[in-house]
Amino acid sequence: MTGSHFDDLTTPRPTTVDKRPPEHKDPARLSSTTDQRLLDSRGPADWVHSDAWRVQRIQAEFVEGFSVLAEIPRAVTVFGSARTAPDHPDYATGMALGAALARAGYAVITGGGPGIMEAANRGCSEAGGMSVGLGIELPFEQGLNPWVDLGVGFRYFFARKTMFVKYAQAFVCLPGGFGTLDELFEALVLVQTGKVTRFPVVLLGSAYWGGLVEWLRTSALEHGVISPKDVDLIHIVDDVEEVVAIVEQRFHELVEK
C-alpha cells in the first residue's frame, strides 16, 4: 500500500540503524515522534484509517518488551535526569546506587539515556549486575548509553512505562525534571490504587526532594486531595545503602506472604 498515512507503519524501530542523510528522509519524521503523530488529530480524514493498523505495532512493542525482559532477575527501576553531567555529584550517586543494587542481586532498569540513567547503568554494569535500558524515540535522537547490557527501544511512552513497572520490585528517583516527575507520580498512583504490589517508592536526595514532599504534606494534604497514608508511600533518604535496605526489606516481606 502507498500513501502518507501508511508510510508511518514502516518507520524504523528506534533500535534500527539508519545512516541516510537528512535529505533522503521524510521531513515530517525528522521533526516529530511516533507518539506525537499518534496523538495529533489534525490532518485529512483518511488519517484515522491508519490508527487501526497502529494497534499492530503497539502490540508488537508489548510482545517484544515482554519477551526480552521476561527472564531478567529481580530488578529496581531508577529514574533521574538525562541532563546530569558525569562530573556532577548526582552522577556519582547514581553510579554508587547502581553498584549497590547489583551487589544486592538486583538488575537495574533505566530509560537507557545519558545522565543519571547512564550513571545507574554504569554502576550496575561495572559491579557485574544486569544493566537494562528502555529507550524511547524522541525528536532529538540520543540512543542507548554504552553501559546498557540489555536494551529495548520503544516508540510509545505507554508501552515503555508498562515495562518500567512490570519488571521492578521498587522505584528509586534521583534528581530529575518533568520526565522523572512523570514517572514518580505515575508510580505513586499505581501503588496508591493497588494496580501494582505496594513496593517502595524511594526518593534519593532530601535536599532536592524535600520541598516536594513538604508541599504534599502541607498544600496537597491540607486541601484534602490526598490522605496521610498517601504521603507515607514515599521514602525519602540520603544514603545509597538505606535505599538498598528499604528495597530488601520490602522484597523479603512480599516473599514471606
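Colleague: Why is E118 said to have no salt bridge?

Modeller: A salt bridge needs a side-chain nitrogen of Lys or Arg within 4 Å of a carboxyl oxygen of Asp or Glu. The nearest side chain of opposite charge to E118 is R122, at 5.2 Å (Lys and Arg count as positive, Asp and Glu as negative, and His and the chain ends are not counted). That distance is outside the 4 Å limit, so E118 has no salt bridge. E118 is also buried, meaning under 20% relative accessible area, while exposed means over 50% and partly exposed is in between (1.4 Å probe, protein chains only).

Colleague: Before we go on, what kind of model is this?

Modeller: It is a predicted model, where local features need pLDDT of at least 70 and side-chain atom pairs count only at pLDDT 80 or more, while totals for chains, interfaces and linings use all residues. Residues are numbered from 1 along each chain as its sequence is written, and side-chain values use heavy atoms, with hydrogens and water left out.

Colleague: Back to E118, then: where does it lie, and which residues does it touch?

Modeller: E118 is part of helix 6, residues 116-126 (helices are DSSP runs of H or I with at least four residues, strands are runs of E with at least two, both numbered from the N terminus). Setting aside residues up to four places away in sequence, E118 touches Y91, G113, N145, P146 and W147; contact means heavy atoms within 4.5 Å.

Colleague: Is L184 called buried or exposed, and why?

Modeller: Buried, because its relative accessibility is 1%, and that value falls under the 20% cut-off. L184 sits in helix 8 (residues 178-192). Beyond four places in sequence, it touches C173, V201, L203, W209 and L212. With C173, L184 has a C-alpha to C-alpha distance of 7.1 Å, and the two are 11 residues apart in sequence.

Colleague: What makes a set of residues a nonpolar core, and which residues have the most contacts inside the largest one?

Modeller: The set must be buried Ala, Val, Leu, Ile, Met, Phe, Trp, Tyr and Cys residues joined through side-chain atoms within 4.5 Å. The largest has 35 residues, and L69, I109, L134, F154, F171, L184 and L203 have the most contacts inside it. A second, separate core of 23 residues includes L97, A100, V202 and I246. In soluble globular proteins, nonpolar side chains tend to be buried together.

Colleague: How do you know that the length of helix 11 agrees with its residue count?

Modeller: The expected span is 1.5 Å times one less than the number of residues. Helix 11 (residues 240-256) has 17 residues, so it should span 24 Å, and its end C-alpha atoms lie 25 Å apart, which agrees. Among its buried residues are V240, V243, I246 and E248. Their cover includes strand 1 (75-79), helix 5 (89-103) and strand 7 (234-237).

Colleague: How do you know that R74 and E248 form a salt bridge?

Modeller: Their closest N and O atoms are 3.3 Å apart, so the pair is within the 4 Å limit. R74 itself counts as partly exposed, because its relative accessibility is 24%.

Colleague: What links K161 with D182 and E186?

Modeller: A network of salt bridges links those three. Between K161 and E186, the N to O distance is 3.0 Å. K161 belongs to helix 7 (residues 157-166) and E186 to helix 8, so the pair joins parts 25 residues apart in sequence. K161 is buried because its relative accessible area is 15%, whereas E186 counts as partly exposed at 30%.

Colleague: How far apart in helix 11 are R250 and E253?

Modeller: They are 3 residues apart, which means about one helical turn. Their side chains meet in a salt bridge at 2.9 Å, N to O. R250 is buried at 17% and E253 partly exposed at 32%.

Colleague: And why does K229 count as exposed?

Modeller: Because its relative accessibility is 62%, which is over the 50% cut-off. K229 has its place in helix 10 (residues 228-231).
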